[in-house]
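Please look over the sequence and the model before reading on. The report that follows takes up cavities, the nonpolar core, some individual residues and the backbone.

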Amino acid sequence: MSQPKGETFMKVLRWLHDRAKDVGVVLLMAIFFTFVLQVFMRYVVGHPLGWTLEMSLMVYLWLVFWFSGFLVKDKEQIYFDMLYVAVKPKTRQIFDIITGTIIVIALALSYPATVDYVTFMKIEKTGATQIRLDYVFSIFLIFLPFVVIRGGIRIFHLLFGDSGGPDKREETNP
Amino acid sequence: MSFAFALSLGVLFGLGAVGAPIAYAMIIASIAYLLVAGQDLGLVVEQMAQGVLNNFIILAIPLFILSARIMNEGALTDRLLKFCIMILGRFRGGLAHVNVFGSLIFSGMSGSAIADVAGIGRVMMNMMIKTGYSPGFAAAITVASATIGPIFPPSIPMVQYSLVSDASIGYLFLGGIIPAFLMTGFLMLTIAYVAAKKKWRPDRANDEIVTIREIPRVTIQAFPALLLPVILLGGIYGGVATPTEAAAIAAFYALLVATFFYRTISVQKLYVIFFESAHSGALVGLIIAAAYIFNFVVTSANIPQLISTLISNLNLTPLSFMLLANVIFLVLGCFVDATISLLVVIPLFLPSCRAMGIDLVYFGVVIVLNIMIGLTTPPYGILLYVLSGITGVPFSKIVREIWVFIIPLLAVLVVLIIFPDLVLWVPRIFGYKG
């Protein structure tokens, strides 16, 4: 997400971003078709499946944090904007630096405890699908560092570069 | 209130005020609490993950978002609209009536006010402006009628309420039916009054009006779309499907109709529909996950109990408690996002409700309606922003006209507060014991 000098680097980033989008689409399709299958098996075939609901919930957990980590831009988040839109762009930039820094530090602080919790969960499995919970929760080990890195890059841009870099927020909400 | 919790609240509102995303503000406020209270930071992920995994109703949210998106993109919405114009378009203020009535039908398939504004609302509004209505008036009625969406089943806000209150989602949906009809009726009466007072002529000159010869064709074209609410509600209340399954069936049916009957969906379009739905589903999901950890903090700081004691010391009757709660939520609605009210503030009132014997389905329907009114009240009314954003009608123009329609919505709210049976009658027919 930094400002690459080389064209190829930009291309690689864009390619990765598109693949992340593909994964996001596949996740929702998985939820949707699992449900269609569940309904079909229960009401048409008369042989309900035990694993579908649990599977869909796990996929939704991944979907939420996959999107939040990789695909949702800052400006697309839902936020209060009363004071924020009322102040001058310069003040807004200071606000962005403050909130960004607090979020980055707090999330980074919580990371070791999160790793502990997720690895500890290897002793448990989901009920019907028998998947180890540390695998299910591993999305947090991807999500947290990415939000921290993206936040860090954004703060860097706000401090030294242009006004906000790739995650620059638009003037109007939403 | 402990110092840790006071600090946590300060962080939440401080971060919120300077423009941090709500979800992150809640997560960081929780981290601050856990740090100061000396609790394990691993709780953040534990509460978020377990919260999502243990509440299967949550799946209704991405699925209802998906079905509404398919209907909007797949032209089901357009066909419905044409049908509504056929019925109501000839009257004085006809298109304004169509706007309201169309919202009622559309709300039987979608559970989100924003989907209503962005879909049927936007189309209807452009049509009204073309026919000669003022943009401010057209936008105001579009925003006001969109609030019917989450009251008539299905409803995403009611799913969220059910997640925090454990009230039955099926009965909550049923409880919204009479209120939704009341809202439709009150809004249409208001339009009739405005039209009579301003001596509007019927919208007959409009080329969108259907001639008698076209009636069978328009009806046949709208038929598959009109069948959707029947399938959805029939499925849930015939006891055939759970609300979550019904959401998937609705999306699947809309996809079939759009692909094979209307032939409006291509593979590329499908990709965009799934991506955008997943994107919205993730935004809502992150806030819900964040609310799980924040509510854990609120509960472990014993706040709901504190508020309950405070309220019981006031010696309120259930009616005056309801009035007080509604005033608080209306004021909040002007400043705070609906999701915050739904997921964070409502749980604070639930112990008091239980203590006073106030029915949780009744409380839920009334407060969800209240929060939907909050979506239309400036300065922070998300529907005003969305509509202004997608149509270009200035915010201030909508605000000037919205008051006329907030009054009938408030009237419905008051009627429901005073007569709980209007909410509970339909659920009781289906066996609700409340």
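How many nonpolar, polar and charged residues does the lining of the largest cavity have, by class? The lining has 9 nonpolar, 6 polar and 7 charged residues, and this count, like every other value in this report, refers to a predicted model.

## The largest cavity

The structure holds 4 cavities of 30 Å³ or more, and the largest cavity has a volume of about 280 Å³. Of the 22 residues that line the largest cavity, those closest to its centre are Asp74(A), Ile103(A), Val147(A), Gly151(A) and Arg154(A).

Two helices of chain A, α4 (89-120) and α6 (139-160), each supply at least two residues of the lining of the largest cavity.

Three helices of chain B, namely α16 (318-335), α17 (338-356) and α18 (360-374), each supply at least two residues of the lining of the second largest cavity. By class, this lining has 7 nonpolar, 3 polar and 1 charged residues.

## The nonpolar core

The largest nonpolar core has 213 residues, and those with the most contacts inside it are Phe65(A), Phe137(A), Phe140(A), Tyr161(B) and Phe363(B). Helix α14 of chain B, which covers residues 267-300, gives the most to this core, with 18 residues. In chain A, this core draws at least three residues from each of domain 1 (1-72) and domain 2 (74-174).

The surroundings of Phe363(B) can be described by leaving aside its neighbours within four places in sequence: Phe363(B) is then in contact with Tyr161(B), Phe321(B), Met322(B), Ala325(B), Ile346(B), Phe349(B), Leu350(B), Cys353(B) and Ile358(B). Among these contacts, Tyr161(B) is also listed with Phe363(B) among the residues that have the most contacts inside the largest nonpolar core.

Ser56(A) lies in helix α2 of chain A, which spans residues 52-71, and Ser56(A) counts as buried because its relative accessibility is 1%, where buried means under 20%. Not counting residues up to four places away in sequence, Ser56(A) touches Ile31(A), Thr34(A) and Phe35(A), and from chain B it touches Leu59(B).

In chain B, Gly121(B) lies in helix α7 (residues 113-131) and is buried, with a relative accessible area of 1%. Gly121(B) and Ile141(B) are 20 residues apart in sequence and 9.0 Å apart in space, C-alpha to C-alpha, while the contacts of Gly121(B), leaving aside its neighbours within four places in sequence, are with Asp116(B) and Thr142(B). Pro224(B) has its place in helix α12 (residues 215-237) of chain B, and at 9% relative accessibility Pro224(B) counts as buried. Pro224(B) touches Tyr253(B), Val257(B), Phe261(B) and Tyr262(B), not counting residues up to four places away in sequence, and the C-alpha atoms of Pro224(B) and Tyr253(B), residues that are 29 apart in sequence, are 9.2 Å apart in space.

## Backbone details in loops

A cis peptide bond joins Pro153(B) and Pro154(B), with omega at about -5°. Pro154(B) lies in the loop between α8 (135-146) and α9 (156-165) of chain B.

Is Asn315(B) buried or exposed? Asn315(B) is exposed, with a relative accessible area of 67%, and it lies in the loop between α15 (303-313) and α16 of chain B; its phi is near 55°, a positive value in a residue other than glycine. Gln130(A), which lies in the loop between α4 and α5 (133-137) of chain A, has a positive phi of about 55° although it is not a glycine, and at 47% relative accessibility Gln130(A) counts as partly exposed.

Note on methods:
Residues numbered from 1 in each chain as written. Chains lettered and ligands numbered in written order. Predicted model: local features only at pLDDT ≥ 70, side-chain atom pairs only at ≥ 80, totals over all residues. Heavy atoms only, no water. 1 Å grid on protein atoms, 1.4 Å probe; cavity = no way out; pocket = protein on both sides within 12 Å on 5 of 7 lines; lining within 4 Å. Points joined across faces, edges and corners; volume = space filled by probe spheres on them. Helix = DSSP H or I, 4+ residues; strand = E, 2+ residues; numbered from the N terminus. Nonpolar A, V, L, I, M, F, W, Y, C, P; charged D, E, K, R; others polar. Core = buried A, V, L, I, M, F, W, Y, C linked by side-chain atoms within 4.5 Å. Buried < 20%, exposed > 50% of the residue type's maximum accessible area, 1.4 Å probe, protein only. Domains from an automatic or database assignment. Contact = heavy atoms within 4.5 Å.
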